[in-house]
Amino acid sequence: MLTCKTISCYNEVFHLTIIQAYGIVIIVRWSLLKTLIEIKQGLEGQIGRRLRLTANGGRRRTVIRSGILAETYPAVFVVELDQEENAFERVSYSYADVLTEAVELSFLDEPEKMASGDS
């Protein structure tokens, strides 16, 4: 005997077996993972470029910062901020922040070299 599970989605009710419901969950999780990987790969190609970052600062505040995309890691990316505009040097955000649009990135036209120890 197959057990049915009732799922509501967008005011629609679906009667699915447990296997069907788990299959849908796996597909949704895989599509989110794939999207996060695509965001990470897209940012890896932009390292060293100037950008403008618009972030949700909480309590209906929007924070706008500019800087250079410095590094990407498995779960986050790092932006080196322009010193004259910001109190701190670096910020990091997760790729999920970009996916959920809590952070919006706008890359500026000219590529800029990263600051290095040798001149």
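Colleague: Which strand and which helix do F77 and Y95 lie in?

Modeller: F77 is in strand β5, while Y95 is in helix α2 (residues 95–99), so their pairing ties together parts that are 18 residues apart in sequence. As for geometry, F77 and Y95 form a tilted aromatic pair, 5.8 Å centre to centre with 35 degrees between the planes.

Colleague: How many aromatic pairs are there by this rule?

Modeller: The count comes to 2 aromatic pairs. In the pair of F77 and Y93, the ring centres are 6.2 Å apart and the planes are at 40 degrees, so this pair is tilted. F77 lies in strand β5 and Y93 in strand β6, so the pair ties together parts that are 16 residues apart in sequence.

Colleague: And are F77 and Y93 buried or exposed?

Modeller: Both F77 and Y93 are buried. Putting the rings together, F77, Y93 and Y95 form one aromatic cluster.

Colleague: Let me step back. Where does this model come from, and what is the mean pLDDT of the chain?

Modeller: This is a predicted model. The chain has a mean pLDDT of 79, and 76% of its residues reach 70 or more.

Colleague: Where in the chain is confidence lowest, and where is it highest?

Modeller: Confidence is lowest in strand β1 (residues 4–9), at a mean of 60, and highest in β5, at 94. There is also a stretch to watch: over residues 112–119 the pLDDT is below 50, and beyond near neighbours in sequence this stretch has 10 contacts in the model. Where pLDDT is low, the predicted coordinates should not be read in detail.

Colleague: Good to know. How many helices and strands does the chain have?

Modeller: The secondary structure comes to 2 helices and 7 strands. Going along the sequence, the pattern is β-β-α-β-β-β-β-α-β.

Colleague: What share of the residues counts as buried?

Modeller: Of the chain's 119 residues, 23% count as buried. On the contact side, take those in the chain with a separation of 6 or more: residues 24 or more positions apart account for 39% of them.

Colleague: Now for charges. How many salt bridges does a search of the whole structure find?

Modeller: The search finds 4 salt bridges. One of them is formed by D82 and R50, whose closest N and O atoms are 2.7 Å apart. This pair links distant parts of the chain, with D82 in the loop between β5 (76–81) and β6 (90–94) and R50 in strand β3 (residues 49–58), 32 residues apart.

Colleague: Are D82 and R50 buried or exposed?

Modeller: Both D82 and R50 are buried.

Colleague: What does E71 form a salt bridge with?

Modeller: E71 forms a salt bridge with R90, and the closest N and O atoms are 2.6 Å apart. The two are 19 residues apart and link distant parts of the chain, E71 sitting in strand β4 (residues 61–72) and R90 in strand β6. E71 is partly exposed, with a relative accessible area of 29%, and R90 is partly exposed too, with a relative accessible area of 38%.

Colleague: How far apart are the closest N and O atoms of R90 and E80?

Modeller: In the salt bridge between R90 and E80, those atoms are 3.1 Å apart. Here R90 in strand β6 and E80 in strand β5 are 10 residues apart, and this pair also links distant parts of the chain. E80 counts as partly exposed, at 28% relative accessibility. Salt bridges that share partners join E71, E80 and R90 into one network.

Colleague: Last topic, the surface. Which residues make the nonpolar patch of about 310 Å²?

Modeller: I24, V28, L32 and L99 make that patch. Helix α1 (residues 18–44) gives the most to the nonpolar patch, with 3 residues. L99 is found in helix α2.

Colleague: How accessible is L99?

Modeller: L99 counts as partly exposed, at 31% relative accessibility.

Colleague: And what does the accessible surface of the chain come to?

Modeller: It comes to about 9000 Å², of which 55% belongs to carbon and sulfur atoms.

Terms used:
Residues numbered from 1 in each chain as written. Predicted model: local features only at pLDDT ≥ 70, side-chain atom pairs only at ≥ 80, totals over all residues. Heavy atoms only, no water. Salt bridge = Lys/Arg side-chain N within 4 Å of Asp/Glu carboxyl O. Helix = DSSP H or I, 4+ residues; strand = E, 2+ residues; numbered from the N terminus. Buried < 20%, exposed > 50% of the residue type's maximum accessible area, 1.4 Å probe, protein only. pLDDT = per-residue confidence, 0-100. Contact = heavy atoms within 4.5 Å. Phe/Tyr/Trp six-rings, centres within 6.5 Å; stacked < 30°, edge-to-face > 60°. Areas by Shrake-Rupley, 256 points an atom, 1.4 Å probe, with all protein chains shown as cover. Patch = residues over 30% accessible without salt bridge, like charges linked within 9 Å, V, L, I, M, F, W, Y side chains within 5 Å.
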